Amino acid sequence: MSGEEEQASLLRVLINCAEKAANIARTCRSNEQLLALLVQEKSGSEANERFEHDFKTLADVLIQETIKHEVAALFPAMQDAILGEESPNFTNQLGESVTIAVGATEEDTAACLQAVLSGHEDAASALATEVHRDVSFSSEKLGEIAQLPDELDYGNLGIWIDPIDATAEYISGDTMFTDFPGITSTGLDCVTVLIGVYERDTGVPVMGVVAQPFGEKLEENVYSSSMFWGVCLPTVRAHNCHFEARDENRRLGIFSSSEQSDILQRFLDLGYEFAFSAGAGHKALKVITHEVDVYLLSKGSTFKWDTCAPQAILRALGGDVLGYAASVAEQKAVPLKYLIEDAEADADWKRNAGGIISVRNVDVVDELLAKLAEQ
């Protein structure tokens, strides 16, 4: 493809990658053999913790490696900076080391998967088919895809991938709703695919795609994706997230069920109501869709792959994802950044160790930070 076509297509490629990831996730739940592997629990002499863990992780790794393969093929300057949550290295039932990789053909990929899924050739073949399927996501809700600037330096861009966020919800599939219509606390609606692009020299997130593989239920056990994207570059700010606020007269925060009670009390003092839900990506998405005003997590239990994509979209909307501890300490918004050089100084550099605050409107931050700093 020409340079101009390449520059114009990155966002479209990421959207199609997110849909391919969603297809793989849905295949694992709709294929009987794959679903049985996904949810099986063995006991006694049948127990094989390594294999059970490997299959639950396999869908993650396969999605991650598929996205890396497709983006690197079209944008080779980005190849060394496409990062994800999972290691592609497995140990199968025979004790053999297997590295999951997307092959040149569907047959090559199936053979690689069979080395992990020994005895489950049909399952490996079904997954390989989805990896190599041509995908072009379309939806009226997708909007007009932003045209990226010609001068965009792809060698200065990196990607963080969370292939399946809310893995426990993905495996269980059980859905429960909060007290607020449309917000689920558990279940497949909480599952997201997160692909975030950041500038390598500044660490600033500039492009994000968030997909819900089970966002729209078409019929029993049949789903289609909900897709959200945003671009926040110096010369381009665009998104498809045009949502009205749930209720201008109500304040709503969304939290993990394990959030500290004293922090919740401070939100209560400011007039906020609460929703509790699973999945970091899902909770950030509720801020993006204007269903809640803020998502706060005081613990350092999210990682760069959880926040890069939502942060890019929120920046396109005039919001951001902030470091909780740093912002409270400095009494100003301190956005998360994604500098790889941090890896040399901090072994735990992938973690958002100081917690996070996600907001759609940064104007709410000053009052909130002042309240959180009170002794």
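Residues are numbered from 1 along each chain as its sequence is written, and side-chain values use heavy atoms, with hydrogens and water left out. Because the model is predicted, local features need pLDDT of at least 70 and side-chain atom pairs count only at pLDDT 80 or more, whereas totals for chains, interfaces and linings use all residues.

**Cavity and pocket**

Rolling a probe the size of a water molecule over the atoms shows where empty space is left. On a 1 Å grid over the protein atoms alone, a cavity is a set of points where a 1.4 Å probe fits but cannot get out, and a pocket is an open set with protein on both sides within 12 Å along at least five of seven lines; lining residues have an atom within 4 Å of a point. Grid points are joined across faces, edges and corners, and a volume is the space filled by probe spheres set on the points.

The largest cavity holds about 30 Å³ of space, and its lining consists of Ala-280, Ala-284, Tyr-295, Asp-306, Thr-307, Pro-310, Val-321, Ile-356 and Ser-358. At least two lining residues come from each of helix H8 (280-288), helix H9 (304-316) and strand S15 (356-359); helices (H or I, at least four residues) and strands (E, at least two) are DSSP runs, numbered from the N terminus. H9 contributes the most to this lining, with three residues. By class, the lining of the largest cavity has six nonpolar, two polar and one charged residues, where Ala, Val, Leu, Ile, Met, Phe, Trp, Tyr, Cys and Pro count as nonpolar, Asp, Glu, Lys and Arg as charged, and the others, Gly among them, as polar.

The largest pocket has a volume of about 690 Å³. Of its 34 lining residues, Asp-189, Phe-214, Gly-215, Glu-216 and Lys-217 lie nearest the centre. Helix H1 (3-30), strand S8 (205-219), strand S9 (222-232) and H8 each supply at least two residues of the lining of this pocket, and the largest share, six residues, is that of S9. Its lining comprises eleven nonpolar, 14 polar and nine charged residues.

**Helix packing**

| Helix pair | Angle | Axis separation |
|---|---|---|
| H7 (261-269) and H12 (365-373) | about 135° | 10 Å |
| H4 (106-116) and H5 (121-131) | about 135° | 8 Å |
| H8 and H9 | about 5° | 9 Å |

Angles under 35 degrees count as roughly parallel, over 145 as roughly antiparallel, 65 to 115 as roughly perpendicular and the rest as oblique. H7 and H12 pack at about 135°, so H7 is oblique to H12. Their crossing is right-handed; a crossing is left-handed if the near helix is turned anticlockwise from the far one by less than a right angle, and right-handed if clockwise. Ile-263, Arg-266, Phe-267 and Asp-269 of H7 meet Leu-368, Lys-371, Leu-372 and Ala-373 of H12, contact meaning heavy atoms within 4.5 Å. The contact of H7 with H12 has five nonpolar, no polar and three charged residues.

For H4 and H5, the angle is about 135°, and H4 is therefore oblique to H5. H4 passes H5 in a right-handed crossing.

H8 and H9 pack at about 5°, which means that H8 is roughly parallel to H9. In this pair, Ala-280, Ala-284, Val-287 and Ile-288 of H8 meet Asp-306, Pro-310, Ile-313 and Leu-314 of H9. The residues in the contact of H8 with H9 are seven nonpolar, no polar and one charged.

Technical notes. Axes fitted to C-alpha atoms, helices over the stretch in contact; angles between N-to-C directions.
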